[in-house]
Amino acid sequence: MNRLSLGTKVLMLITALSMTLASTISAADFTEFPKPTWSTTVPANTTTDDFAHKPIEDQYLPIVSTKDNTTYMLLRHKLGNKSTYQMMAVNDVTGKQKWIHTSPYRYNPYNIDANGNTYYVEDVKVGNKHGSKLIALDANMKPRWEKVFPDGGNFEVLSDGRYAVIDFVKEQNLLKLYSPEGKEILSRLYNGSIRHIQGDYVGTASYEKNATVITIYSISRNKKVTSYAWPKEYFSPYHNDFDVLSGGTILVPLIDEKTGQETLQGISPTGKKKWTRSLPTPVPNSTLFQSIGNHYLIQEENTLSVYDTNNKRISTRTFDDLPKLGKLQFLNKDTFVFGAVEDKGLVPVKLIEQGFTNNDYVTLPSKAVYHVLDRTLSSINALKLDQAPFSAENIRFVNANTFYLTMEKTLAKYELTGK
C-alpha cells in the first residue's frame with residue numbers, strides 16, 4: 001500500500017517536472033548576424049565555390065572532424081586555362097591553416113567521410129597498365145595507409161566511413177568494400193551497374209528495352225531483396241534509387257510511366273512490402289523524401305512531415321516564414337536544418353567587418369531564415385536575418401549552434417551564442 005504523504009508526492013512531482021524542463025532544449029531565435037569565431041583567406045588563384053555544390057558524397061562543405069578539431073574544405077585552383085583541385089585543412093579552434101594538399105589532376109581526386117577521414121587518389125603505372133593508388137591521409141597530411149589498384153576503379157566514401165571501389169567486369173560490377181582502416185571486408189560481383197550503397201544494401205541498374213531495372217541486394221546475406229522498374233531514361237534528381245531507415249526498412253520510389261505519379265514503398269529487410277504512399281509533385285531543388293534514423297521525412301514545398309517505419313505520421317509543420325523554397329541539411333539521425341535565403345542578386349561589396357576580406361561580388365544582403373529541427377519538427381534554434389550577406393549555397397550548419405560560410409575567397413566559422 002502506498003503510504004507516501006501528500007507533501008512528499010507533491011515534492012516528487014515538482015522534482016520530476018524540474019528534471020523534465022531542465023532536459024528540454026528551448027528554442028532561441030537569433031536575429032543578429034554574429035561576428036566570426038575565425039575567418040581564413042584561401043590561397044591566391046583558388047576559390048571555394050567553383051564546382052558542384054555537393055561534390056563529396058552528397059555532403060555540404062566544409063566537413064568538420066571533431067576528433068582532431070579540423071575543418072576540411074575543397075578548393076578549385078586556377079592558373080591560366082588550367083584548373084586543378086586542392087584540399088585545405090584548418091584548425092577548427094583557431095582558424096589557422098594546417099596544410100594544403102595540391103593535386104595535379106583536372107578531376108577531383110579527394111574524398112572525405114563524415115568523421116573527417118581524408119582520401120586521395122593518384123594515377124600510377126602498374127607494369128603496362130595505368131592503375132590508381134588510394135591514399136588515406138591523417139589530420140597532419142601523413143598517409144595512414146595506401147593501396148594500389150592495377151585496373152583503376154571508381155572510388156566512393158560511404159556515409160558510415162567504409163570505402164567502396166567499383167570496377168567494370170564485362171556486364172558486371174566488382175565491388176570491394178574497405179573499412180576506414182583499409183582492411184578489405186568484401187569482394188563480390190553484381191549484375192548491372194552499381195548505383196547506390198547504403199548500410200547493408202547495394203542497388204544496381206540494368207537497362208532493358210523499355211525500362212531501367214533497379215535491384216537491391218542485402219550485402220550480409222548476399223541475396224536479392226527486391227527489384228523495380230523505372231522508364232528507361234528516367235533518373236530522379238530528387239532522391240537516390242532507395243533509402244534505408246536505421247531499423248532496416250527500405251524506402252523504394254516507384255513512378256507510373258503513364259501518369260508520371262511517383263509513390264514510395266516501404267520494404268522490409270526480407271523484401272516484403274509493408275506499405276505504399278504517394279509522393280508530392282517534385283519541385284526543383286527540393287528533397288521529396290529522406291531517412292532520419294528510424295523515421296523518414298517528406299518535403300512538399302515548405303511543408304515537412306515526419307513518418308515512422310510503419311508509415312504513421314508523427315508530425316507536420318509548414319514553414320511560412322521562409323523567403324524561398326527551403327533546403328535541407330542533415331546534421332545527424334536526430335537533427336537537421338531547414339531554411340532558405342531570398343535571392344536578390346550579386347553586388348561588389350567589401351565586408352571586412354563581417355569577416356570577408358575580398359573585393360569580389362557577394363550576395364546583396366537579403367532575408368534569411370534557418371530552423372534547426374529535431375525529429376518532431378520542433379525548432380532547437382532559428383537564425384532569422386533581415387540583412388544576410390550570403391546565399392543559400394554559402395551556409396553550412398554542422399550542429400545546432402555552429403555554421404560556416406564559404407564566400408569564394410574566405411572560409412569563416414560562426415557560433416550562435418548568448419541566448
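In the hairpin that joins β5 and β6, two residues lie between the strands, and Gly 80 adopts a positive phi near 65°. The model described here is predicted.

**Strand β5 and its surroundings**
- Strand β5 spans residues 70–79; eight of its ten residues are buried, so the strand is largely enclosed by the rest of the structure.
- With β6 (residues 82–91), β5 forms an antiparallel pairing over ten bridges.
- Within that pairing, His 77 faces Thr 84 of β6.
- His 77 of β5 also stands opposite Thr 46.
- Strand β3 (residues 46–47) pairs with β5 over two bridges, in the antiparallel sense.

**The hairpin of β4 and β5**
- Strand β4 (residues 63–65) is antiparallel to β5, and the two pair over three bridges.
- In this pairing, Val 64 stands opposite Thr 71 in β5.
- Four residues separate β4 and β5 in their hairpin, and Asn 69 in the turn has a positive phi of about 50°.

**The sheet of β8 to β11**
- An open sheet is built from four strands with antiparallel pairing, in the order β8-β9-β10-β11.
- Its edge strands, β8 (110–112) and β11 (143–149), each pair on one side only.
- On average, neighbouring strands of this sheet are turned by 25° against each other, direction ignored.
- Three bridges connect β8 with β9 (residues 118–126) in the antiparallel sense.
- Tyr 110 is positioned opposite Tyr 120 in β9.

Definitions and conventions. Residues are numbered from 1 along each chain as its sequence is written. This is a predicted model: local features need pLDDT of at least 70, side-chain atom pairs count only at pLDDT 80 or more; totals for chains, interfaces and linings use all residues. Side-chain values use heavy atoms; hydrogens and water are left out. Two strands pair if DSSP finds at least two bridges between them. Axes are lines fitted to C-alpha atoms, for helices over the stretch in contact, and angles run from 0 to 180 degrees between N-to-C directions. Buried means under 20% relative accessible area, exposed over 50%, partly exposed in between (1.4 Å probe, protein chains only).
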